[in-house]
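Have a look at the structure first, then read on.

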Amino acid sequence: MSKTNLLAQVAEKKIVPVVKLDRTSDAKPLGEALCAGGLPVAEVTFRTDAAEESIRIMKKEFPEMMVGAGTVVNVEQAKRALDAGASFLVSPGISRTVVEFALDNKLPVFPGTCTPSEVMIAMEYGLSLVKFFPAEQYGGLNTIKALAAPFPAMKFMPTGGINASNILDFLAFDRIIACGGSWMVKDSLIKEGNFAEITRLTGEAVALVSK
């Protein structure tokens with residue numbers, strides 16, 4: 001998938017579920033739950049040993065899904081994500097080596113930023129979308145608006161503290177194309193195997209942002 005197509009699809013979905021999987025056996029039912037809820041996209045964080053194989057499983061079982069790798073903090077993880085078939089990379093901060101690896105391999109990358117200097121580094125690489133993280137802790141929407149002002153070509157994907165009660169406020173700002181969130185894929189629900197509830201919450205989230 002090209003970067004342009006992926007950005008268009010992310011903008012259309014408006015939500016990127018941020019997923020932490022401790023067991024690879026949860027990858028297939030989680031992918032099924034997200035697709036059934038109308039949101040065939042996931043950012044699988046590299047905070048667990050199950051991440052790489054989980055991405056591989058979800059891509060194999062649900063080829064229509066956009067499955068990215070999140071919390072990518074070094075090139076070794078980026079290589080593993082690429083090998084697993086990740087559609088995109090997301091980092092909590094900006095790493096030049098990770099960005100350069102992604103660009104060299106034509107893999108869309110969304111580095112984390114929360115300062116003007118970090119946005120300018122992303123611009124040096126020609127990036128047009130950055131993650132804003134952690135969103136609520138760094139001033140939320142007001143900070144994003146202030147940060148967006150001097151960089152009219154940059155779009156943002158805030159993550160951190162986003163939920164059903166505030167996501168519409170963020171999405172109302174035209175420089176935000178989507179938000180990352182985990183309220184529909186809570187750790188506890190995954191561990192309990194309550195994928196029916198994940199499908200329900202996902203459907204609610206899709207309906208909310210589609211109004």
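Helices here are DSSP runs of H or I with at least four residues, numbered from the N terminus. Please keep in mind that this is a predicted model. With a salt bridge taken as a side-chain nitrogen of Lys or Arg within 4 Å of a carboxyl oxygen of Asp or Glu, the count comes to 14 salt bridges.

- R56 and E52 join their side chains in a salt bridge, with 3.4 Å from N to O.
- Both R56 and E52 belong to helix α3 (residues 51-61), where they sit four residues apart, about one turn of the helix.
- Are these two partners buried or exposed? E52 is buried, because its relative accessible area is 18% and the cut-off for buried is under 20%.
- R56, on the other hand, counts as partly exposed because its relative accessibility is 28%.
- R56 and E52 also take part in a network of salt bridges that links them with E53, E76, R80 and D83.

**The pairs around K20**

- K20 forms a salt bridge with D22, and the closest N and O atoms are 3.3 Å apart.
- K20 also forms a salt bridge with D187, again with 3.3 Å between the closest N and O atoms.

**Helix α4 against helix α5**

- Helix α4 (residues 75-84) packs with helix α5 (residues 96-104) at an angle of about 25 degrees, and their axes are 9 Å apart.
- Because angles under 35 degrees count as roughly parallel, α4 is roughly parallel to α5.
- The crossing of α4 past α5 is right-handed.
- Which residues meet here? From α4 come V75, A78, K79 and L82, and from α5 come T97, V98 and F101.
- Sorted by class, this contact of α4 with α5 has five nonpolar residues, one polar residue and one charged residue.

Note on methods
Residues are numbered from 1 along each chain as its sequence is written. This is a predicted model: local features need pLDDT of at least 70, side-chain atom pairs count only at pLDDT 80 or more; totals for chains, interfaces and linings use all residues. Side-chain values use heavy atoms; hydrogens and water are left out. Helices (H or I, at least four residues) and strands (E, at least two) are DSSP runs, numbered from the N terminus. Buried means under 20% relative accessible area, exposed over 50%, partly exposed in between (1.4 Å probe, protein chains only). Axes are lines fitted to C-alpha atoms, for helices over the stretch in contact, and angles run from 0 to 180 degrees between N-to-C directions. Angles under 35 degrees count as roughly parallel, over 145 as roughly antiparallel, 65 to 115 as roughly perpendicular and the rest as oblique. A crossing is left-handed if the near helix is turned anticlockwise from the far one by less than a right angle, and right-handed if clockwise. Contact means heavy atoms within 4.5 Å. Ala, Val, Leu, Ile, Met, Phe, Trp, Tyr, Cys and Pro count as nonpolar, Asp, Glu, Lys and Arg as charged, and the others, Gly among them, as polar.
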